[in-house]
Structures are given as C-alpha cells and as structure tokens.
Amino acid sequence: MRFTVFTPAYNRGYIIEQLYESLCRQTFRDFEWIVVDDGSTDNTEAVMAELMEKEHFFKIIYEKQPNGGKHRAWNRGIDLASGELFYGCDSDDYLTDDALEVIDRIERSIPADQKAGFAGVCGLKGYKNAEMVGTTFQETEYMDMTHLDRIKHNVQGDKSEVIYTEVWKRYKYREFDGENFITEATSLNRMSADGLKMRYFNTVVKIVEYLPDGLSANSRERFIKNPKGWGLYIAQRIQYGLLSGTGKWDVLTDYFFECRSRMSIRQMANNLQINNAKFIFGVACTWLRYRIQK
C-alpha cells in the first residue's frame, strides 16, 4: 500500500462525507482510508457505515474508541496503517483531486540513497477561495529542510505533512494521563531535532476550513486545560531555540499564572523541564518587569 490517508473524527457526521467524496475523485488509487472515531456522540458512526456500503475503489477501516483526544486517535491510526506514507487529513478538510498523485511524484523525487534522512514530504493547504494558508518560499518547486527550519525560509502557517509510516511509529504523540490534547508540533519538533528533513513543495493539496468546533479555533483553551502537554511544547521551544530572552520568560510566566491554581510550582517546573529555583526567580523577575512597565 502506497498511502494511508488517516482521519481522526469527533462529532463530524455532518461533514465527513465531503472528504470521502474527494478520496473517490483521486487520480492516484493505491491507498487506504482509516478513520478512528474518538468517541463521537453524534451520527458519525452511522454516516461511516453508510459510506462503507457505497461503491469505492479503496479500503476503508473504521474504528471507534473511547474519547481520549485527537493524539490518541492518531496513535491508534498509526498502529492500524498499512501504507508506506501516512497522510493525516482532518474530518473537516478534503483533498484536491490530484493530491496523492502530486505527493507520490514529489516523494519519488527524493534520491533513494538519501531517504533515510527524510521524515516525509509537505505540501500546502488552501482555502476554498484558492487562497494559500500561511506563506512559503518562492522561485523553486521544492526545498529540503526540517520542520524547525521553516521560519528561516518563510514557510509559516499550517502545512500538509505526509510522513513515512515507519517514522511516525518512532515519534508517536506523548500521552499524559488525564489529558486529551497535545499539539502535533511536539512530534514534528522531535523529528527535526533528530535531523530528519521534509521535502516542502509549493502545491496546494488540501482544502481546509477552520470550523468553530475544531481544535484550531480553540487552541489556547486546550493548551490551558492540558498543562503537561503544554509544558512539553514550551520546553521543546526553549530547547530548540525558538524561545529565548524576555520572550521565553513571558511564555513561562503566562504558564505559571494559568496553572498556579491547579498544581505546585515544583510540578510546573517539572512539566517545563526547568530548574525549580530558576523558574521561581525568573517568573518573579518577569512579574516585577510587568509591574514597572505599567
């Protein structure tokens, strides 16, 4: 199997069929579609049963599990995948008709003796009005870089990552007891820190709509409700040089004030992978700076 197209779903019975229809229109046909339902309470299960009864050329695997968050559904999807390449596609997104054909061509352009140094390939997302999401490099079809190097090359905003399944198996999302969200950047950052590149290309392959009930629209609230995963993300950004100086301490102080009613300073420092005394001193200095600036 060349591709596994994977969809984590939660209460998306009203919209998931548009993704199914886009898969039926694919010009490249060697793929499967895996849907892991993260404990939906709407009609998602019934809609999927109807779709599986329809005539289509690709295999569909549907599995429902207790609600645990998108990252747990994603980890389960990796376990079920048979494809060489793993392409996550949210239930409110859909693919351009030639998306898999384009991705296949770009991936095959990576020399065979260099593929061990790659996590996969990455295209662009676009809106229904054809406007590109975020920014990208110019004057070349593709560039090779790590996820952490994107900003240097003006590749900003949401992109459409396609990762080798065997790579994903090594970099699954961390699962913290009692938490149901962690940003996908935590796994992409780990791949990058280990030197794995992506071949970024300038073609829109996925159409997105950021709905009010989606994770993107509620990201800060979800960070706050999941402090261990949030702490890991902040710790990575510091470790990999994405946060430094006063900007770093602004973020750490924000974390402190959002989490102080739920956990001890020691627990917060542990989540952030920072020395306890240094954390207390830095937050105190940052708070004092805020007061002076007022």
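Arg 29 lies over the face of Phe 57, 3.8 Å from the ring centre. A charge counts as sitting over a ring if NZ of Lys or CZ of Arg is within 6 Å of the ring centre and within 35 degrees of the ring normal. The charged end of Arg 2 does this too, over the ring of Phe 3 at 5.9 Å from its centre.

A quick word on the source: this is a predicted model, where local features need pLDDT of at least 70, side-chain atom pairs count only at pLDDT 80 or more, and totals for chains, interfaces and linings use all residues. Residues are numbered from 1 along each chain as its sequence is written, and side-chain values use heavy atoms, with hydrogens and water left out.

Now for rings meeting rings. Searching the whole structure turns up 19 aromatic pairs. Rings of Phe, Tyr and Trp (its six-membered ring) pair if their centres lie within 6.5 Å; planes under 30 degrees apart are stacked, over 60 edge-to-face, and the rest tilted. Here are two of them:

| Pair | Type | Centre to centre | Angle between planes |
|---|---|---|---|
| Trp 74 and Phe 86 | tilted | 5.9 Å | 55 degrees |
| Phe 223 and Tyr 233 | stacked | 5.5 Å | 10 degrees |

Trp 74 lies in helix H3 (residues 70-80) and Phe 86 in strand S4 (residues 85-88), so their pair ties together parts twelve residues apart in sequence. Helices (H or I, at least four residues) and strands (E, at least two) are DSSP runs, numbered from the N terminus. Phe 86 is buried, with a relative accessible area of 0%; buried means under 20%, exposed over 50%, partly exposed in between (1.4 Å probe, protein chains only). Phe 223 and Tyr 233 are buried as well.
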